[in-house]
Amino acid sequence: MAAKKDNKKKGKLKENVFVIVPAFNEEKMISSVVADLKAHGFSNVLVVDDHSKDETRTKAEQDEGEGVLVLHHIANRGQGAALKTGIDFALQQGAQVIVTFDSDGQHQAKDLDKMIAEVESGVYDVVIGSRFLEGSATQIPWFRKMVLKGGLVFLWVMYGLRLSDAQNGLRVMNRKTAEQIEMKEDRMEHATEILHEIHKKQFRFKEVPVDVKYTDYSQMKGQSSLNSIKIAFNLMMKKLAK
Ligand SMILES: Nc1nc2c(ncn2[C@@H]2O[C@H](COP(=O)(O)OP(=O)(O)OP(=O)(O)O)[C@@H](O)[C@H]2O)c(=O)[nH]1
Ligand SMILES: [Mg+2]
């Protein structure tokens, strides 16, 4: 309530902005992630619990009301599917700007204002966070860095797309983009799919530096290198099958 009052005072309730927070087994972080978003004036936070096995849903539901809504999958479908659920719901609610935000505590709400401003100004359709651009204070473990750099080469070779960060889940897009990108990949392949859709449909996009936190928790929970190879392999097979 206090945060809401403060933001009212500042005149920035961000009513047209919906933040989608896909969550799977994030009972340790979900409350602080939601609190960070609320403290920054976000009044439409949609947590999509993807049938977590732990207390993620219960924890998120403790924050429900006050600008937070929890959607729930009745089976685990993957981060891509959870984002799609959240985006479809946000569009139905009249969202003009849609943010995708990880629930593992690696993203920070402080990075969003500048990204949203770029979209709201109408110059860009999509703004994507980057850990690698100058201005980002992210300290990436060297092995994760190598895997992420490999992902960049993959994106370039497979889709002709040159970016500085190919796997960043922090994105801001306008309504038109959210309506037009097709998301068929239920699991982690969706990150590449979204970039490919943006490129193919010629949305105007920009990368901006953001700070991604690497902690023992995030590294224990995050994507394994093997999974990254599996994702690349799946995408390659699908491309070859076309
Ligand atoms: N809805 C849903 N979310 C998931 C699933 N798996 C992971 N996530 C969420 O997706 C976000 C990112 O997942 P990570 O595994 O950390 O992937 P990442 O951040 O790209 O990889 P790291 O850089 O290694 O942390 C987290 O907020 C997870 O809770 C899933 O099966 N369903
Ligand atoms: Mg992560």
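Let's start with the ligand. Ligand 1 is surrounded by 21 residues, and the closest are Pro22, Phe24, Asp50, Ala82 and Gly222. Keep in mind that this is a predicted model.

Where does that shell come from? Three elements each supply at least two of its residues: strand 1 (17-23), helix 4 (79-92) and helix 9 (216-221). How many residues of each class are in the shell around ligand 1?

Next, Tyr214. Look in the loop between strand 7 (205-209) and helix 9. Helix 9 is one of the elements that supply the ligand 1 shell. Is Tyr214 buried, exposed or partly exposed? Tyr214 is partly exposed, because 15 C-beta neighbours lie inside 10 Å, and that class falls between the exposed limit of 12 or fewer and the buried limit of 20 or more. What does Tyr214 touch? Leaving out residues up to four places away in sequence, the contacts are Gln139, Ile140, Pro141 and Gln219. One distance for your notes: Tyr214 and Gly86 are 128 residues apart along the chain, and their C-alpha atoms are separated by 25 Å.

Last stop, Gly160. This glycine sits in the loop between helix 6 (142-159) and strand 6 (171-174). Gly160 has 9 other C-beta atoms within 10 Å, so Gly160 counts as exposed. The cut-off for exposed is 12 or fewer. And a second pair to check on screen: Gly160 and Leu195. They are 35 residues apart in sequence, and 11 Å apart in space, C-alpha to C-alpha.

That's the tour. Questions, please.

Terms used
Residues numbered from 1 in each chain as written. Chains lettered and ligands numbered in written order. Predicted model: local features only at pLDDT ≥ 70, side-chain atom pairs only at ≥ 80, totals over all residues. Near = placed C-beta within 6 Å. Helix = DSSP H or I, 4+ residues; strand = E, 2+ residues; numbered from the N terminus. Contact = placed C-beta atoms within 7 Å.
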